[in-house]
Amino acid sequence: MLTAALSSAASCRGAKSLGIGALQQQQTSGGRVLVSRRGLAIITALLALGFGAAIVLGALEYDVGWDERGPEPGYFPFWMGLVVIAGAAGALIEAIFARDQTAQAAITLDQARRIGLFLLPMLGFLVLTVALKLGLYVGMIAYLFTVMLWQGNYRLPATAAVSFGTAAFFFVMFEHWLKVALMKGPLEAWLGMH
Amino acid sequence: MHNIADLLHGFQVALTGYHLALMVAGVLFGILVGVLPGLGAPNGVTLLIPLTFSMDPVSAIILLASMYWGALFGGSTTSILFNIPGEPSSVATTFDGHPMAKQGRATEALSYAFLSAAFGALFGVVVITLLAVPAAKFAHKFSSPEYFAVYFLAFACFVGLGGASPFKTLVSAGMGFSLAAVGMDTISGSLRLTYGLPDLVKGVSFLVAVIGLFGIGELIATMEERLEFRGVHARVSPRDVLKTIAALPAYWVALIRSSLVGCWMGITPGGPTAASFMSYGLARRFSPRSDRFGKGEPEGVIAPEAADHSAGTSAMLPMLALGIPGSATAAVMMGGLMIWGLHPGPMLFVEQKSFVWGLIASMYVANVVAVLLVLFTVPLFAAILRIPFAIIAPLIVMVCFVGAWTVSSSPFDLWLVLAFGVIGYLFKKCDYPIAPLVLAMVIGDKAEDAFRQSMIMHAGSLGAFWSNWLCGSLMTLAILLLLWPLIASLFRRRVATTPAEMPVRE
């Protein structure tokens, strides 16, 4: 029973790579290569390595050994950090020595540009909402406005309708229906909405 | 048979007007979430959890579970009509489902998908009904070392059977456990891994992580490809459905095999995605029409769908009986249970009878409701995908951020969503599995407590885990599974090198 399942797990791996292959054919269609698959695998493994190191360092603030009552507070995170480091090191070696993925593109310039265009307004939204403390409603309207006008090439009336309509929908749904207060800023206070 | 009486009691709980309405609402929301790329079942359940805080736990779980079934159905719809899997677990459905749709057999493909999915789901629920009580009785014998052994086994299963690189699985699980340790330590009260940031004292919520990993991460991945939904129009007529029902019994072997694979992968935490791929692979290997797979073979739709749904439903069994969720979505639901103040595990069957059996009974009803709803709302939901992605994507982004805010009204969480989004994207790109991370975040504290309590009970000796046959065999099995990739690669190398060419690097 177990061996049957294990062998079919192997076949599942085959089917999965088939699916990924099909997706890749669509992806590599345009643009120059920004990062190869191998490069991205190495970068990700290094990031994971850094994460593991940060956990180990954080855990070392407490004793990581044992006392008479069993493991001390730092013990568990310390070893979990080491697990991450070990896994990341293994993934790094796998990435460096992998033979088949060196030439393929993980991200083309075109794709990177599209991802950037997607993330940049989101970052702007977070700066407005959280860093400048303007609240979710203001951030939301500004975000939807920017994205639809600038990237979606929509006209002003449609843009305004969608962005204000969404904010109004969230307001009614959360503040009135569900009695959950969303983050508000100075504008709402000035308008007397609480 | 206590089961029958308990189940009947469960039906009394599930079949009230309020709960039926919740099922319909849950299924519809689930289909929507499943259809929209970037919003999947784990994410959808996560977004709903903060809204269930004021609800009765039975009603809350019925809503969440129904959403899950709806999402599984919705994911298959887009796979077939648009060649875009709405859920990772419905990727395998695109292989034959979309070719069928392009040949003008969209209705047939959809009906096959939904009906075999319903078969798989009901198969899973029957398995749960039969196994729930024995599993809970078995789990009654558990104390801390056994619990830790089972948690350990769950993660060893990911490494040994998950299909991803074992190193990447380790990274994912280790990250999840580390993130779970952030904040106040439950045993000593010390503040761990906060790096002096007051925002980290309350810990990192798995809900926020799921919203980022599955929501934003998925959207970034979708954005990367220039997305155009070029779908096939479909309207499901009752006659076509009846024709499919008549044709379905001919595929009984595939149905039963796929459901069994699904149950196996759902109970061991392989999850629905692995189950659907495995089942597709098995069907292609053993079918007499294996050369037609990939070109629009109904069996290629039936196999992954039945497995996907039976894995989805049966993943609820280990969650209820042992407190170990069998899939990422079940992990999120279990997190919900803990937030509502319930303790997943064998005691649930004693203390919360109507909760457990109400849920199980609702699974029968909700899956039937889901099939009927999905069959007749397909054109409606397919129309949603014709709204330009330039409007849908930013709206989904907003839903994700608002959802993250409702978790604990913390502005810091909004930054975390973006960070987890980038992590989710990198994980997806580099084939790191995400489910172990989510699972580890949900059960992290419980696993650590179980470990530390076993150590306290046995004076700090690791022999605690081999102190009786039950615990010892669980631990030994777990270690074998953990080492399985190593054993398998040694074995494979020997087989591969003898007949064929010698590898260059040896």
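Predicted model: local features only at pLDDT ≥ 70, side-chain atom pairs only at ≥ 80, totals over all residues.

Me: What share of the residues of chain A count as buried?
Reply: A residue is buried if 20 or more other C-beta atoms lie within 10 Å of its own. Chain A has 194 residues. The share that count as buried is 30%.

Me: Which element of chain A gives the most to the side that touches chain B?
Reply: In this contact, 64 residues of chain A meet 55 residues of chain B. Elements that each supply at least two residues to the chain A side include α2 (37-59), β3 (70-71) and α4 (109-131). The most, 13 residues, comes from α1(A).

Me: How many residues on the side of chain A that touches chain B are charged?
Reply: That side of chain A holds 41 nonpolar residues and 18 polar ones. The charged residues there number five.

Me: How many residues of helix α3 of chain B are buried?
Reply: Helix α3(B) spans residues 41-48 and is mostly covered. Its cover includes α2 (17-35), α4 (57-82) and α19 (435-457) of chain B. Among the buried residues are Pro42(B), Asn43(B) and Leu48(B).

Me: At what angle do α2(B) and α4(B) pack?
Reply: Two packed helices are described by the angle between their axes and the distance between the axes. For α2(B) and α4(B), the axes are 6 Å apart. Their crossing is right-handed. The angle is about 35°.

Me: How many charged residues does the contact of α2(B) with α4(B) have?
Reply: By class, this contact of α2(B) with α4(B) has 18 nonpolar residues. Another eleven are polar. The number of charged residues is none.

Me: Which residues does Tyr151(B) touch, not counting residues up to four places away in sequence?
Reply: Tyr151(B) is one of the residues with the most contacts inside the largest nonpolar core. Leaving out residues up to four places away in sequence, Tyr151(B) touches Ile324(B), Ile443(B), Ala447(B) and Ala450(B).

Key: Residues numbered from 1 in each chain as written. Chains lettered and ligands numbered in written order. Buried ≥ 20, exposed ≤ 12 C-beta atoms within 10 Å, placed from the backbone. Contact = placed C-beta atoms within 7 Å. Helix = DSSP H or I, 4+ residues; strand = E, 2+ residues; numbered from the N terminus. Nonpolar A, V, L, I, M, F, W, Y, C, P; charged D, E, K, R; others polar. Axes fitted to C-alpha atoms, helices over the stretch in contact; angles between N-to-C directions. Left-handed = near helix turned anticlockwise from the far one by under 90°. Core = buried A, V, L, I, M, F, W, Y, C linked by C-beta atoms within 7 Å.
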